[in-house]
Amino acid sequence: MKSLLKRVFNITKKMIIGFILLSFLIVLLLRWVAPFGSMLMVERKLTHWNITQQRTWKDWNQISDHIKLAVIAAEDQKFANHWGFDFKAINHALQHNRNNKKIRGASTISQQVAKNIFLWPSRSWIRKGFESLFTLEIELLWSKRRTLEIYLNSVEWGEGIFGIEAASQYYFQVSANKLTPYQASLLAATLPNPRKWNPANPNNHVQKKAQWIRNQMNNLGGKNYLKQLN
């Protein structure tokens, strides 16, 4: 019996080490190679197979600085300085979720990239464990610019709309490098619920959130904030 348990333990240990090494190599490869898609896109295709997905990759210099700053202002204002986790935000979210039915998230942009690119959409401690592993690898192997670049090219912005170029063309009929601060703030304001809210036809909530985002963009220092990313 002890021999069997030892064999199971050794096999499990090798599988865990193998998975960590494989994930490390995949994340390292994506430091230079653009992802072909994401696990989120796969999941959406399986559940909504009749919807045509739109996504066009754009490099960092082909994306408006306004949308880069807008998503940071909306989603992760400590992005330039943290190592993948905002523990203060996590603590606030835990306290809020204990007393409220509406769940509040505290994922950083790095965590969202890990979740969207590599993992299945669900809420479980197992998936959170994998998310933490990929987040640490992203922070170790990618620059902040690369993380934000992949985020903007993979985030969901509506039914079948993935990435900033597809969203810019679909909602505003412009390329991602032509977005104005107003348009960028509207796009960022819909991120908590992109399949429900429409940046081209914003309701009062989205308009107020977009105004708040524009104020935060100014408070962060405008485009100068992006100089911190390397």
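Axes are lines fitted to C-alpha atoms, for helices over the stretch in contact, and the angles between them run from 0 to 180 degrees between N-to-C directions. In this predicted model, H3 and H10 pack with their axes 9 Å apart and at an angle of about 105 degrees. Since angles of 65 to 115 degrees count as roughly perpendicular, H3 and H10 are therefore described as roughly perpendicular to each other. On the side of H3 the contact is made by His66, Leu69, Ala70, Ala73 and Ala74, and on the side of H10 by Trp212, Ile213, Gln216 and Met217. By residue type, the contact of H3 with H10 divides into seven nonpolar residues, two polar residues and no charged ones.

Ala70 has its place in helix H3 and, at 0% relative accessibility, counts as buried. When neighbours within four places in sequence are left aside, Ala70 is in contact with Ala184, Ser185, Ala188, Ile213 and Met217. The C-alpha atoms of Ala70 and Asn218 are separated by 9.9 Å, although these two residues stand 148 residues apart along the chain.

The description now turns to the nonpolar core. The largest nonpolar core holds 52 residues, of which Ile67, Leu148 and Trp157 touch the most other members. Two or more residues are given to this core by each of the helices H3 (65-75), H5 (109-118), H6 (125-141), H7, H8, H9 and H10 (204-219). The largest share, seven residues, comes from H3. Leu148, not counting residues up to four places away in sequence, touches Trp60, Lys68, Val71, Ile72, Phe79, Ile109 and Leu229. Thr147 has its place in helix H7, which covers residues 144-154, and Thr147 is buried, with a relative accessible area of 1%. Apart from neighbours within four places in sequence, the contacts of Thr147 are with Phe79, Ile109, Ser110, Val113, Ile138 and Trp142.

A second pair of packed helices is formed by H8 (residues 164-172) and H9 (residues 181-189), whose axes come within 12 Å and cross at roughly 110 degrees. H8 and H9 are therefore also placed in the roughly perpendicular class. Ile164, Ala167, Tyr171 and Phe172 in H8 meet Gln183, Leu186 and Leu187 in H9. The residues of the contact of H8 with H9 comprise six nonpolar, one polar and no charged.

H8 itself is mostly covered, with seven of its nine residues buried. The buried residues of H8 are Ile164, Glu165, Ala166, Ala167, Ser168, Tyr171 and Phe172, and what covers them includes H3, H7 and H9. Most residues other than glycine have a negative phi. Just after H8, however, Gln173 takes a positive phi of about 55 degrees, although Gln173 is not a glycine. Gln173 lies in the loop between H8 and H9, and with a relative accessible area of 57% Gln173 is exposed.

Aromatic rings provide a further set of contacts. A pair of aromatic rings is described by the distance of the centres and the angle of the planes. The structure holds five aromatic pairs. Phe118 and Phe134 form a stacked pair, at 4.4 Å centre to centre and with 5 degrees between the planes. Because Phe118 lies in helix H5 and Phe134 in helix H6, this pair ties together parts that are 16 residues apart in sequence. Both partners lie below the cut-off of 20% relative accessible area that defines a buried residue, as Phe118 has 14% relative accessibility and Phe134 has a relative accessible area of 6%.

The rings of Tyr170 and Tyr171 have their centres 4.9 Å apart and their planes at 90 degrees, so this pair is edge-to-face. Tyr170, at 47% relative accessibility, counts as partly exposed, whereas Tyr171 is buried, with a relative accessible area of 10%. Ring pairs also link Phe19, Phe118, Trp120, Phe130 and Phe134 into a cluster.

Technical notes. Residues numbered from 1 in each chain as written. Predicted model: local features only at pLDDT ≥ 70, side-chain atom pairs only at ≥ 80, totals over all residues. Heavy atoms only, no water. Helix = DSSP H or I, 4+ residues; strand = E, 2+ residues; numbered from the N terminus. Parallel < 35°, antiparallel > 145°, perpendicular 65-115°, else oblique. Contact = heavy atoms within 4.5 Å. Nonpolar A, V, L, I, M, F, W, Y, C, P; charged D, E, K, R; others polar. Buried < 20%, exposed > 50% of the residue type's maximum accessible area, 1.4 Å probe, protein only. Core = buried A, V, L, I, M, F, W, Y, C linked by side-chain atoms within 4.5 Å. Phe/Tyr/Trp six-rings, centres within 6.5 Å; stacked < 30°, edge-to-face > 60°.
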